[in-house]
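Please look over the sequence and the fold before reading on. The paragraphs below then lead from the whole chain to single residues.

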Amino acid sequence: MWQPADQTLWLGHIDSEEGELGVRWHQQVQPLLTGQAEQVPGSVLIGFACDAGVVRNHGRAGAAGGPAAVRKYLINCAWHQERSVYDGGNVLCEGDALEAAQFVLGTHAAAVLEAGHLPLVIGGGHEVAWGSWQGLATWAMKQPGKRVGVLNFDAHFDLRAGEVGTSGTPFRQIAEDCVARNWLFRYACFGVARPTNTAALFARAQKLKVCWVEDDQLSPWCLDAARDKLAAFLDEVDVLHLTIDLDVLPAAVAPGVSAPAARGVELAVLETLIDQALASGKVRLTEFAELNPGFDQDGRTARIVVRLIERIARGAWAAGSENE
């Protein structure tokens with residue numbers, strides 16, 4: 001289920017006339033080495049090529065193509081990083097083998113964290129969050145006293161009930177795992193769309209003491225209250241799992257998702273809140289979910305992921321240095 005990094009993919013335009021200041025990502029991304037000398041800590045791209053969770057959730061398939069689509073547009077992204085970036089390859093989910101794929105992702109994410117890197121996981125449906133969490137929790141168990149929390153930018157709570165895991169259940173699964181570990185379930189969801197979340201989901205969110213903000217409360221002119229709520233949540237955690245479901249954005253901006261949003265949250269607002277989370281210096285893993293290239297006209301949604309990856313990789317390390 002594991003596909004090592006393919007460096008032949010990282011070939012793109014070279015601005016030779018610009019010299020060393022004209023560098024792009026394809027000239028800098030290195031393969032992540034395992035079983036060899038340790039590499040300097042940096043950001044690690046990990047693909048989770050999986051449709052199983054979305055299919056189980058009766059959504060439109062295609063998210064398995066997300067990692068390839070993002071790398072395609074990352075190739076020629078301008079390089080402004082001060083830390084190294086590595087390609088950690090892909091987890092491949094074959095058929096309905098979701099739980100096995102999530103376990104492999106968790107194992108790899110834990111090893112990446114243990115080596116001092118920042119995992120940047122590219123889904124795949126939002127079932128990717130349960131796999132990423134397994135890795136982050138394994139690593140966090142070795143950090144005594146650290147309070148772990150999840151910040152989700154999403155139109156959906158993804159707290160659904162059910163015996164089988166899907167793209168709609170990851171945070172309910174995380175809540176259950178927190179009980180097993182004797183941890184508090186610290187979960188914030190920003191961008192919730194009331195028409196697409198049942199009363200049962202709102203009731204479960206309330207019972208689990210979820211911190212949430214609905215999409216119509218995230219307009220630029222009323223953002224102060226949301227920023228205060230985010231600040232309070234960030235104060236309650238030491239280690240942050242940042243997860244971004246691209247359907248939190250308006251469908252006109254991000255058409256290539258499994259479940260397009262009728263309203264959504266503006267990209268500028270999303271970036272503002274992500275920057276606030278990064279400034280805390282607590283982000284230890286970030287993932288992107290629900291990119292569906294088959295519906296992504298002109299690669300608009302994939303280009304947003306590239307923009308966010310570049311921003312997060314740069315901002316997370318800068319904040320970490322400031323807080324050391």
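What follows is a walk through this model, from its overall dimensions to a few local features.

This is a predicted model, in which local features need pLDDT of at least 70 and side-chain atom pairs count only at pLDDT 80 or more, while totals for chains, interfaces and linings use all residues. Residues are numbered from 1 along each chain as its sequence is written, and side-chain values use heavy atoms, with hydrogens and water left out.

The protein chain has nine helices and ten strands, where helices (H or I, at least four residues) and strands (E, at least two) are DSSP runs numbered from the N terminus. Its C-alpha atoms fill a box of roughly 60 × 45 × 45 Å, taken along the principal axes. For 324 residues a compact globule would have a radius of gyration near 20 Å, and the 18 Å of the protein chain agrees with this; the radius is taken over C-alpha atoms, and the globule rule is 2.2 Å times the number of residues to the power 0.38. Of the 324 residues, 56% count as buried, a term that means under 20% relative accessible area, with exposed meaning over 50% and partly exposed lying in between (1.4 Å probe, protein chains only). Among contacts (heavy atoms within 4.5 Å) between residues at least 6 apart in sequence, 79% join residues at least 24 apart.

Strand 7 (residues 187-192) and strand 8 pair in the parallel sense over four bridges, pairing being assigned if DSSP finds at least two bridges between two strands. Within this pair, Val192 stands opposite Glu214 in strand 8. The chain crosses from strand 7 through helix 6 (residues 199-207) to strand 8, and this β-α-β crossover is right-handed, which means that, with the strands pointing away from the viewer, the path from the first strand over the helix to the second runs clockwise. From strand 8 (residues 211-214), Cys211 and Val213 point one way and Trp212 and Glu214 the other way, and all are buried.

His156 lies in the loop between strand 6 (148-153) and helix 5 (170-181), and with a relative accessible area of 17% this histidine is buried. Leaving aside residues up to four places away in sequence, His156 touches Tyr187, Cys189, Thr196, Asn197, Asp247 and Ala259. With one of these, Asp247, the side chain of His156 makes a polar contact of 3.2 Å, a term for a pair of N or O atoms within 3.5 Å; within protein, one must be able to donate a hydrogen and the other to accept it, and residues adjacent in sequence count only if both atoms are side-chain atoms.

Gly281, whose phi is positive, near 75°, follows helix 8.

Some backbone details in the loops also deserve a look. The peptide bond from Gly123 to Gly124 is cis, with omega near 20°, and Gly124 is placed in the loop between strand 5 (118-123) and helix 4 (128-140). In the loop between strand 10 (283-289) and helix 9 (300-322) lies Glu290, which has a positive phi of about 75° although it is not a glycine. Asp298, placed in the loop between strand 10 and helix 9, has a positive phi of about 60° and is not a glycine either. Glu290 counts as buried at 6% relative accessibility, whereas Asp298 is exposed, with a relative accessible area of 57%.
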